[in-house]
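Dear colleague,

Please find below the structure that I am handing over to you. My notes on what was found in it follow directly after.

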Amino acid sequence: MFRKRKKNTSTRIEVREVLRGCEAGRLQSVGYMQVIPLVSDLNDDRFVSPVQCDADVYTTSYGTLGFLNSSESVMIVPCHAGYVVKQHAQDHAMAHAGVVAAAGDRRYDTAACIQASQGGFIKKGSYRMLILPHALREHALQKRGEKNYQKLWDDISVFNQRLGVTGQGHLEYFLKAFKKELDEFVAEFECVPGQVGAIVLVDDRVVGIERAPSHEYWLSIWPSLIRECYGSLAIEAAKANGDRAPDRSPRVQLPVEIASLDELESLIAEIASQEDERARSTVRDLLDEPLDLLFEETVADVSIDTATSEHFTGQVIRDGDKIVYASLPATSAFVKSQAWTRAEPFAI
Amino acid sequence: MQNLIATQVDDRKQAFGLTETQRELLPLAFGSFLDSVATATGRGTFYNSREEQAAAVEAAHHDLFDIDRDVYTAALMLPGVTDYSRQIGVRRLLQTTRDGGILPAEFEAAAMTLLVRGLPTQRMLKLFGMLRRDRVNNARTRRLILSEILGAGGLEFWAVKYREKLRVAMTHAWGRRTASILRSVLAKSPDERTEKETQIVRQNVTRFVRDDAAGRVEQCVRFVLGDETGATLGRLAAYRDAKSDFDRGAVLPPETMEGLRSRYHKDRTSAEVLELTKSQLTTGQKIAVQRKAEQSGVEVEFDPAKYDAVRLYVYTFEMGMTDEIRLALRNKAETAAAGLPVQFERVGVLIDASQSMIGHDTQARRPIATALALRDLLSATADDAVAITSDGRAIDSYELVEPSGDTSLAAGLVQLLKSDPDVVFVLSDGYENAPAGRFGETVAAVRRIGIHTPIHQFTPVFAAESQGVRTLSDSVVAMPVSKPEAIGLGLLKALIESDVERGVAALFGMTKVAGYLPAA
């Protein structure tokens, strides 16, 4: 049973708690990005995303982002959800996750402007949601308590500069410059039946663990995660490789010498089996990692905790001891330092 | 593949006077254009938003139009080109002045009339709305709008069903002032009109209609312009009277009567409207209202034989398969297959049954429905056919396949090839992810083994980000197809890529504009 806790109370769990009830699905791999679907029979329909319930989003002052949940379910605002609107209004993003009670209206004055030198407030309405690029999320989380709408401008400027985009403090310049590439990420990866989460890898490195309360919730946030959050990281990987187009051939390739269709068939099956095992092994390797949870608040009987570990930093939302939502991007230090730990490449 | 399609083109080369530059640019532009017009619908797909689709389609149209407007015009007339593509094609032709082209000017005028007449009414009116929005209002446009509306046999029905759209289109053609004058003049009987008024009516209305239809058309125009008084034509009078007498609406289209009900008969239900007007349902509506009819307890009969196979599959996903529909699908597949010039002994069909084949919400399940209709057609071309899904399930013809999961086609391809088919058809949107590239690698391995069974990819989805259709392998040509009868487009694309002059000749041959062709 959930107990009332004080702010800044900490708890230690393991990543396995985040993945409880999930199995690794078949690895999907396109170019620099790989996704291991997390599949589960557990489906908690009590929670909806802003996309699912068509929530009205608005700003009332610079740094204050509001959500109107007109549904009868509790709304979980994904960690670092953001809105880039075609209005004379300043684009904003959350610096953390949020929970809005059923039929509730909630304003977060800790939000960040992601479009410097643009005035105006976002009119109440339903807009396409994004999740901040991976590189910005750690910064945003560190500044989650600050009531300063300019707090991400410098980070956005550095991010843009790294990707060769001009535009100090304007995230929309990045989105515009890489629209085609970002769209392709959405196109390349498909949700599988029962999927409630994913472990995302870019350029062979684990870059995030995502878990949603239900399949429907997952379907609604996946395009934002794969597009802006993790897609941006794949673009960074491409940049790091000298803008080389990603190799579209499979990572584990068929041998050149194959004598018959029977042999080809068994090779394809064998590689698939190895890839499946690799996916499972990747998940297994993560299970024991300790995760420190720092209690933030309780809303509508669920609690929000900020989670940190050696390799990940993000937030989880719990109903009692049960984790219903988690977003754990890898820390930038981990992304940079990771040597790929997957199973040995397939060999004949 | 080339053997699959019969064209009306002989081997003699036609002299079309294509320049070197045109010859050079045409294959790429034509390929991209065909990919677009065969699949684009102006709606979003699973992967691309509506705006992205529209931008990519515009680019494909622009590129081919710039090379030669007659090739462009003929390409719009190909079987299998979507209505949406025709709409934006006609708009482009009308908004640009003819300057050059490899055929006589009459060809374009005749082609445009055919294109507009081939559109379903609501799409024709939508086209006219597009012309208004884009301020296209030259003499050709005005003549086209007025002749197609005023000369139509079903104008009375259109007048009650599409009253506002007609008013907008005609007012665009006439101008507000003339429309206002016409309304006043038409209120008078022909005997009461002055010479000038008679001339105005002749100039703007009756010159577009047969003499014996003038009175009927004048009444319809009055009605469309908002004057219901004195209407004697059955439907026009029924519309006026149904405002006070619900039962008079029996001859009105259901949606028109539903509009009157919601305003004048709030105590009556939608189910009563459906029961009252079910005899007025169009063929398209009869299948579209089945769910509503079932919920309302109203029996609306529809004949599956009157619908194309893709539509039947979309319907079946929603309402379930019946023996009657299965029989209609079988008949359609066998008829279409009989029209193809070849028969195979053994065909292999691999269906991408992944999540993305569901398509966009606005046209849910259209990609998979197209794939299933193609499966039936291709299977019907053979004495023996093997069809499997991307997850390895063997499926029979006329059976539904629910899309889900990731895309892995390599194992299925090998499985099919082991059954030793004459040809393998892969029906896929071209997005592979488990893992990407495995299919292409497998095709290469198969060729190295020494198996050269032809492998073709048919793609029911336009991919905005690649400005065409997505290919699964560099060595397999992906061909766009929105309905089974349009598989000829694939041949044409291949032909123009290999021989521009022959390809252009084939294009004009397929579009039946031989009367305008230069002498061979």
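**Findings, beginning with a helix of chain B**

Helix α7 of chain B, residues 139–150, consists of twelve residues and reaches 16 Å from its first C-alpha to its last, close to the 16 Å expected at 1.5 Å a residue. Please bear in mind that this is a predicted model. Within α7(B), the buried residues are Thr141(B), Leu144(B), Ile145(B), Leu146(B), Glu148(B), Ile149(B) and Leu150(B).

The loop between α6 (121–133) and α7 of chain B contains Arg135(B). The phi angle of Arg135(B) is positive, at about 55°, although the residue is not a glycine. Arg135(B) counts as exposed because its relative accessibility is 74%, where the cut-off for exposed is over 50%.

With a relative accessibility of 0%, Gly249(B) counts as buried. Setting aside neighbours within four places in sequence, Gly249(B) is in contact with Ala242(B), Met257(B), Leu276(B) and Thr277(B).

How do the axes of α21(B) and α22(B) cross? Helix α21 (residues 410–417) and helix α22 (residues 438–449) of chain B have axes that come within 8 Å and cross at roughly 30°. Angles under 35 degrees count as roughly parallel, and α21(B) and α22(B) are therefore roughly parallel to each other. On the α21(B) side, the residues that meet α22(B) are Ala410(B), Leu413(B), Val414(B) and Leu417(B). Their counterparts in α22(B) are Arg438(B), Phe439(B), Thr442(B), Val443(B) and Val446(B). Sorted by class, this contact of α21(B) with α22(B) has seven nonpolar residues, one polar and one charged.

The loop between β3 and α22 of chain B includes Pro435(B). The peptide bond that joins Ala434(B) and Pro435(B) is cis, with omega about -10°.

Strand β3 (residues 423–427) of chain B runs parallel to β4(B), and four bridges join the two. In this pairing, Val426(B) stands opposite Gln457(B) of β4(B). Strand β4 itself (residues 455–459) is largely enclosed by the rest of the structure, because five of its five residues are buried. In a regular strand the side chains alternate between the two faces of the sheet. Both faces of β4(B) are covered, with Ile455(B), Gln457(B) and Thr459(B) buried on one side and His456(B) and Phe458(B) buried on the other.

Helix α24 (residues 500–510) of chain B is also mostly covered, since ten of its eleven residues are buried. Among them are Val500(B), Glu501(B), Gly503(B), Leu507(B), Phe508(B) and Met510(B).

**Chain A**

Which strands form the open sheet of chain A, and in what order? The open sheet has three strands in the order β5-β8-β11, with mixed pairing. Strands β5 (47–48) and β11 (98–100) of chain A stand at the edges, each with a single partner strand, so one side of each is left without a neighbour in the sheet. Strand β5(A) is joined by two bridges to β8 (residues 74–77) of chain A, and these strands run parallel. Across that pairing, Val48(A) has Met75(A) in β8(A) as its bridge partner.

The loop between β8 and β9 (81–83) of chain A holds His80(A). His80(A) is not a glycine, yet its phi is positive, near 70°. Is His80(A) buried or exposed? At 1% relative accessibility, His80(A) counts as buried.

Gly21(A) lies in the loop between α1 (15–18) and β2 (22–24) of chain A, and its relative accessibility of 44% means that it counts as partly exposed. Leaving out neighbours within four places in sequence, Gly21(A) is in contact with Val39(A), Ser40(A), Asp41(A) and Leu42(A). The C-alpha atoms of Gly21(A) and Gln142(A) are separated by 30 Å, and these residues are 121 residues apart along the chain.

Finally, Glu236(A) belongs to helix α6 (residues 215–240) of chain A. Glu236(A) counts as buried because its relative accessibility is 16%, where buried means under 20%. Not counting residues up to four places away in sequence, Glu236(A) touches Ala135(A), Phe159(A), Arg162(A) and Leu163(A).

With kind regards

How values were computed
Residues are numbered from 1 along each chain as its sequence is written. Chains are lettered from A and ligands numbered from 1 in the order in which they are written. This is a predicted model: local features need pLDDT of at least 70, side-chain atom pairs count only at pLDDT 80 or more; totals for chains, interfaces and linings use all residues. Side-chain values use heavy atoms; hydrogens and water are left out. Axes are lines fitted to C-alpha atoms, for helices over the stretch in contact, and angles run from 0 to 180 degrees between N-to-C directions. Angles under 35 degrees count as roughly parallel, over 145 as roughly antiparallel, 65 to 115 as roughly perpendicular and the rest as oblique. Contact means heavy atoms within 4.5 Å. Ala, Val, Leu, Ile, Met, Phe, Trp, Tyr, Cys and Pro count as nonpolar, Asp, Glu, Lys and Arg as charged, and the others, Gly among them, as polar. Two strands pair if DSSP finds at least two bridges between them. Buried means under 20% relative accessible area, exposed over 50%, partly exposed in between (1.4 Å probe, protein chains only). The expected span of a helix is 1.5 Å times one less than its number of residues.
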